[in-house]
Amino acid sequence: MNGMDRVLPIAGASVRASLRGVRLIGLAALGSIPTLVVLAIVAARSPASSVHDAAQLLFVSLTLPIVMTLVTLVLGVAQFRGEIEDDTLAYLTSRSVPRALVAVGKYLGCVAAGCVILLPTAMLPLAVADAAGAGPPSSEATIAIASAVVLGVLAYSAIFLLLGLLSSSALILGLIFGFLWEGLLQLLSGTLPRLTVAYYLHSLVSLETPGGPMSGYTTVFSSGEAVAVLLGVALGMLLMTAAVFRYAETAPHRSSA
Amino acid sequence: MTGVVDAQGVTKRYGEVLGLNGFSASFGAGITGLIGPNGAGKSTLFRLLAGQLRPDAGSLTVLGEPSWSEGTFRRRVGYCPEQPSMYDWMTGEEFVTYLLRVDGYPKSEAKRRAAEAIEIVGLTEAKARRVRVYSKGMRQRIKIAQGIAHKPQLLLLDEPLNGVDPVGRARLIALFAELGSSGHHLIVSSHVLYEVERLTDQIVMISNGRALAQGDLHRIRDLIDARPHTIELTTPDPRGLAKLLSGWEHVVGIEFVGPDRLTVRSRLPDAFYRGLPELVVSQGAEITAVHSSDDNLDAVFRYLSEGIG
């Protein structure tokens, strides 16, 4: 019996729990916004090349900074916080499974659910642009966008998973991180933007699509370095989550016993 | 001490609130009832035993292991929490199978054990239904199924009869007795002495986070029997039910407290609880929930607390 035999059922359950009911409808609606915007541009009879550029610009200006942040925040926080608040985490923590494996399982489930929502969110606008006569995106752009989605989901999910474990106000803290920290530091000069996940995602997309509408982001790193930083953030946060969870009391806070 | 569970001066705080306050008791083999009103510390003790919480002070061992530890020893413990929440979107069978797989059982073995446990609790026909459509009694039973499916030595049952209908209660009590006689150790919490009394005469009484008494069931019974016991019943036909109950000699008062609820005061609560399933089965009374007020025990616990203090 290896650890993955325990991790996979937890990941599978996390995916199912994440993608159901009102939450699924809300996330799908959020994920459809970039596609709807491109459809609106097509409906306005814009030139095909404009549609093409708009679809890619929407990825760096809407999908990455807003949709991805919100989707991973909702999914990441729900993994632990939701189960702590409704007390269902007791079913897992009272079992013989090591808590570190529970953390890994929930993380993988969160990442899978995030990719299920965000890959179509990122790719459908390009498909719409193609169907409108703008032609398919270059393979470099496709790969860059898909990589940025997967790496972004890996990094943000790990951060929000930890937040959900640590704080009952994780959603608010996540919004502050996602929009104030990530957003404001991006606007500053110097090395401060490097303290954001978004910096490395933008770097990756820009470096991998030279000359395209998504290029032009100023970065001092190579693609490989950006990937390494994003993976490092994901792994570091996951290890921290596992360590915290190992020693965390997981009953909801109650004044009456 | 060498009990199934040994607690020595266990204290657990929730900020300023004391969940347990120097709780000391030893739970032996077989079935033990943990009796106390709401807020006494029963659920805190169960959460500590289940490894969800860590004692702030004192020592707590479960089957010889510190309660705050993870690993394979947890396979020797089954836990049925009090709270009604479950993975409602799973079917009953998926719920039990999932937890077995998390416990490390291969898929086929997990399915086999889940089916066996679900059969024991009498939910085989409903196993393919989503947990969200289960009645309270069915939810309790599926929780018990997940607790026994891995065949633990010790089963922790936190208020397992709360809100269950009379027939369901009788079935669950019979099931617990059967588990006890088949070699499991059970710790069953309740705020209704009469429920636990039908299972065991080993009692640990808890109030304000401290163990007040252990064993000595008869003295407690005498104290409680001296007072009329109040029971709230939920039924779609309160008038019809009141008519049936008014014929019972030990019923000294009936009060309608809502469109589908009435409270009954009985001088012989034991006889009352014994008679309820019969009322449902042979006279067709429809009772959807039974709730025993904490008030019944409060006076007794106050008396005991003052005696100790």
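Is A:Tyr199 buried or exposed? At 5% relative accessibility, A:Tyr199 counts as buried (under 20% relative accessible area; exposed is over 50% and partly exposed in between, with a 1.4 Å probe and protein chains only). The model is predicted, with local features needing pLDDT of at least 70 and side-chain atom pairs pLDDT 80 or more, while totals for chains, interfaces and linings use all residues. Residues are numbered from 1 along each chain as its sequence is written, chains are lettered from A and ligands numbered from 1 in the order in which they are written, and side-chain values use heavy atoms, without hydrogens and water.

**Aromatic pairs**

- Over all chains, the search finds 14 aromatic pairs; rings of Phe, Tyr and Trp (its six-membered ring) pair if their centres lie within 6.5 Å, and planes under 30 degrees apart count as stacked, over 60 as edge-to-face and the rest as tilted.
- A:Tyr199 and A:Tyr200 are edge-to-face, because their ring centres are 5.0 Å apart and their planes stand at 80 degrees.
- A:Tyr200 is buried at 8% relative accessibility.
- A:Tyr200 also forms a tilted pair with A:Phe221, at 5.4 Å centre to centre and 45 degrees between the planes.
- A:Tyr200 lies in helix α9 (residues 197–208) of chain A and A:Phe221 in the loop between α9 and α10 (223–247), so this pair ties together parts 21 residues apart in sequence; helices (H or I, at least four residues) are DSSP runs numbered from the N terminus.
- A:Phe221 is partly exposed, at 21% relative accessibility.

**Cluster**

- Ring pairs join A:Tyr91 with B:Tyr87, B:Trp89, B:Phe95 and B:Tyr98 in a cluster.

**Charges over rings**

- The charged end of A:Arg246 sits over the ring of A:Tyr247, 4.9 Å from its centre (NZ of Lys or CZ of Arg within 6 Å of the ring centre and within 35 degrees of the ring normal).
- In chain B, the charged end of B:Arg75 sits over the ring of B:Tyr105, 4.4 Å from its centre.

Key: Helix = DSSP H or I, 4+ residues; strand = E, 2+ residues; numbered from the N terminus.
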